[in-house]
Each structure stands twice: as C-alpha cells, then as structure tokens.
Amino acid sequence: MNAFDPRLLSASRRTFLRGSLAGLGAFAVNGLLNPQLFGGPDQKWNGIIPAPHHTPRCRRVIYLYQAGGPSHLETFDHKPKLAEMNGQPMPESFTKGQQLAQLQGAQLKCFAPQHGFQKFGQSGQSLCELFPHIGSVADDICIVRSMFTEQINHDPAHTLMNSGAIVAGRPSMGSWLLYGLGAETESLPGFVVLTSAGRGGQMQPIAARQWSAGNLPSRFQGVKLNSIGDPVLHIGNPPGVNDAAQSDTVDAINRLNRLRHIQTHDPEVLTRIAQYEMAFKMQSSVPELVDMAGEPRHVLEAYGAEPGDGSFASNCLLARRLAERGVRFIQLYHRDWDHHGNIRNDVKLKAEEVDRPTAALINDLKSRGMLDDTLIVFGGEFGRTPMSQGGSGRDHHIKGFSMMLAGGGIKGGVSYGNTDELGYAAVENPVSVHDFHATMLHLFGIDHSRLTYRFQGLDLKLTGVEPCRVVKEILA
C-alpha cells in the first residue's frame, strides 16, 4: 500500500469533514468505554481489567502477616497424638528424605503442643487457649489447616508468599490487585504497608521488596507508613511554604515531566507524575487519617490500642481507617514469631499482642457493615516442626501450617483440610501458596489465569505456571 493515496486529492471538503467527524465520534465512544485509552499522563488508573471476570465478593484486603513462621501447633492445629508421643523419637516414616532446616541430621523427637486447646462458638472451632478473643469470633472465621509452601528460609518464603515466585523482582500481590483493578481512593495510596514488632522470638527483618511492584511499573508498589512518629517523613510544608505555593511547585514539576514523557514514553515518568500528585494530596489526607481524636474510647479499648505507639493493635485500628477511606490492599507485618527456643513462653507473649486486636478488627468491620466485602487474612510464611529444637523450640517447617481467613466472601465457622496426626504434613485437601493467591483473586472477581503482564516475552502471573485451583469449598 502506498504511503500517499492520490484519491485524496479528489476528496471534497464535505467528504473530509464527514470523515473527520466520524473519526472524532469513534474517539469519543472509545474514550467513554475506556477512559484510560486516550487519557493523558495524569489519568487515574482504573485497572487493566475493564469488567470483572465474574461477580466479585470482595473490595479490599487487610492482611495480618505474622512474620517469622507462627507455630500451627500452638495456634490453630490441635494434635493430641503429638502430646501423647512427647519425647519419643519422631517416626522415620514421616521425615525420611524430607527437607528440614536446622534439624537436618539431628536426633528428631516429638515435641508436644505447649498449650491446651478449646472449642469456641456454635461451630466448635478448635483453637489454642491463648487466643480467647479470636475464639469469640470463631463463627466468623475459616481456618485452613492444610497450607504448605516450598521455601524453608524466611526471606525466600516471604517472597513466595507475597509474589508467588521464589526469585526477587516479581510483583507483590497488592501490586497485582492495583494493576488489575485500580484504586478506589485518589487521596491515599491504594496499597499501604504497616509494620510492628513485639516481645518474644527473633527480630527477623522484612525487606521492602516484599511490597515491591517488581516488573510492573513502580506506581503499583506498596507505600510503607511509619507506625511511630510522622507516618510519612516531611509530610508537612517547610516554614514559609503554604499549600498554594506547594501546588504551584508540583504543577511546574509535572509539566516538565509531561514533556519528558512525550519524548521518552517511559512509564516511570508517569509514575513520577502520579507520585508527586499523590504526595501533595497526602499532605492533607494522612494527618486526618492518623488523627484518632474522633475514635470513641470503647473502640480504642476493644483494640487495646494507644494511638502512635507503633503496636500491632494500633496498626489494626489504622487498617480499619484505611479501609474506610478506600485503600485496596492493607498489609500489617508483625514480627518476632521465629521461635527456635522457649516457644512455650514466647508464643504466649505473641498471643497477648495479636489476639485481642485481631478479634476487635473483625468485630469493628462487622459492626460497620464492612466485613462482607473486606477479606481478612491472618498467617505467616510457613509453620514449625512437630519435632523439638534444643528441647524448647521448633524449627522452620514447610510441609504443613495454618492460615485464618474471615469476611470478603469467606465461609465463617468452618475449618478446611488437615495435617496428619502429628501435624507434620498437609494430608487432607492440601492448599498451596498459589491456590491461596488464586482464591484471593477469585474473591475480587478475577480469573487468576487471565491477570497477566507481558515482560521479556513472558506473560507473568501471580499464580505462576504450575497448576493451581480456587479453593471453592471455603467460599460463602
């Protein structure tokens, strides 16, 4: 086809105008159907998925990430047989040829659960007696007792749980949700991270790459808010600079960035524009977010929160406020669950920190009519061995562990799957990390196999390339 068609020379003015108007009409229709198609670099991101693949049940996630590997045997998985065999050699039929961490080559002895279990609620859910507050909402929660994972060390296990891959540099699950669905708020980040630490266990570090956008444009990465002091550094204007002057500065910088984007078409320039504008909006939205003066005293007492103390309890209350303001993915990391020794005493300290605020968050959301479309997840990167380490602790364990879920389309008052009688391996309805991710996306109306991002010739997915499934049995 020639680059120039001589027939255009014979076109009348009327023909030209008619054709032009038709073209403008097509642009207008496409603009209405997909506003992002012709949007400028400031266009709000509404997600790559124009319409849900099926009816969504969930609008947001609050992920209570218990970092360090909580023991399922002192939380949600009751094993009377393990108690009977306390101190006896672990049967070789369970462990022969299996991957162990620091117990590799050591004498393996059964180590009884260090605290008793009770049944709670009309559903009769069995939980460790250290968690009576979570027990009080037993009929609202689902306990998956048959989780398993692939990575036995903390950092790669965190990476797998957060991104679905064992290699660093892949998008985190919060980034995938923002990419797929967009944000519901324009004044706060759509993906927010809070961290806390307490007493007991080892203080394992949490790397910022766990909330990274990875291969996706960095506009989809999580934003970490400080739990103590100013939630964002330099959130206020410097002396002598008012909001109008700040706005003029941001506008001038973004005009330069728009010119740069026209030249380079680099998506990171769009990210820079979005970040400047978000930072400006956060100067007013963040102080209002963290101002707890309007919270009734009975709410603070229910959580056990003292605002500004950096505790898990305060972060849970802040998570509810973030959810109210339209934040899509809220992730709370609570550390010190790495109990290689002294697990009997240290897990009690952890329970004191997380039991009450977790139940308060569920009750608070329920009272506000938000639990039905808010998915709450409580769990860590792996479990702990039913064998003793050093006589008082448990080693890392990947063959079986537990996770608790509530709200957001999850069936309440049920448990799903089981480990064997000693709590070593998931044997009934095993659930992989990829199964968990597929189920979470399903609750948002997303078919996990259709949410992809092309990178270096590959269609990346949160759920990877191995077969996985939506755990429909736990859906309401």
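Is Cys-142 buried or exposed? I looked it up and found Cys-142 buried, with a relative accessible area of 0%; buried means under 20% relative accessible area, exposed over 50%, and partly exposed in between, with a 1.4 Å probe and protein chains only. Cys-128 also counts as buried, at 0% relative accessibility.

I noted that this is a predicted model, where local features need pLDDT of at least 70, side-chain atom pairs count only at pLDDT 80 or more, and totals for chains, interfaces and linings use all residues. Residues are numbered from 1 along each chain as its sequence is written, and side-chain values use heavy atoms, with hydrogens and water left out.

Disulfides. I searched the whole structure for pairs of cysteine sulfur atoms within 2.5 Å and found 0 disulfides.

Aromatic pairs. I paired rings of Phe, Tyr and Trp (its six-membered ring) if their centres lie within 6.5 Å, with planes under 30 degrees apart counted as stacked, over 60 as edge-to-face and the rest as tilted. The count came to 13 aromatic pairs. One of them is Trp-45 with Phe-220, edge-to-face, at 5.4 Å centre to centre and 65 degrees between the planes. This pair links distant parts of the chain, 175 residues apart: Trp-45 is in the loop between helix H1 (13-33) and strand S1 (60-66), and Phe-220 in the loop between strand S5 (191-196) and strand S6 (223-224). I took helices (H or I, at least four residues) and strands (E, at least two) as DSSP runs, numbered from the N terminus. Trp-45 is partly exposed at 21%, whereas Phe-220 is buried at 4%.

I then looked at Phe-191 and Phe-329, an edge-to-face pair with 5.1 Å between centres and 85 degrees between planes. Phe-191 in strand S5 and Phe-329 in strand S7 (residues 329-334) are 138 residues apart. Both Phe-191 and Phe-329 are buried. I also recorded one aromatic cluster, formed by Trp-45, Trp-176, Tyr-179, Phe-220 and Tyr-453.

Helix H5. Why is helix H5 (residues 154-163) largely enclosed by the rest of the structure? I found that 8 of its 10 residues are buried, so helix H5 is largely enclosed. The buried residues of H5 include His-154, His-158 and Met-161. Their cover includes S1, helix H6 (173-181), S7, strand S10 (396-397), strand S11 (401-406) and helix H12 (433-443), with contact meaning heavy atoms within 4.5 Å. After H5 comes Gly-164, and I noted its positive phi, near 75 degrees.

Helix H7. I placed Ile-262 in helix H7 (residues 243-264), and at 58% relative accessibility Ile-262 counts as exposed.
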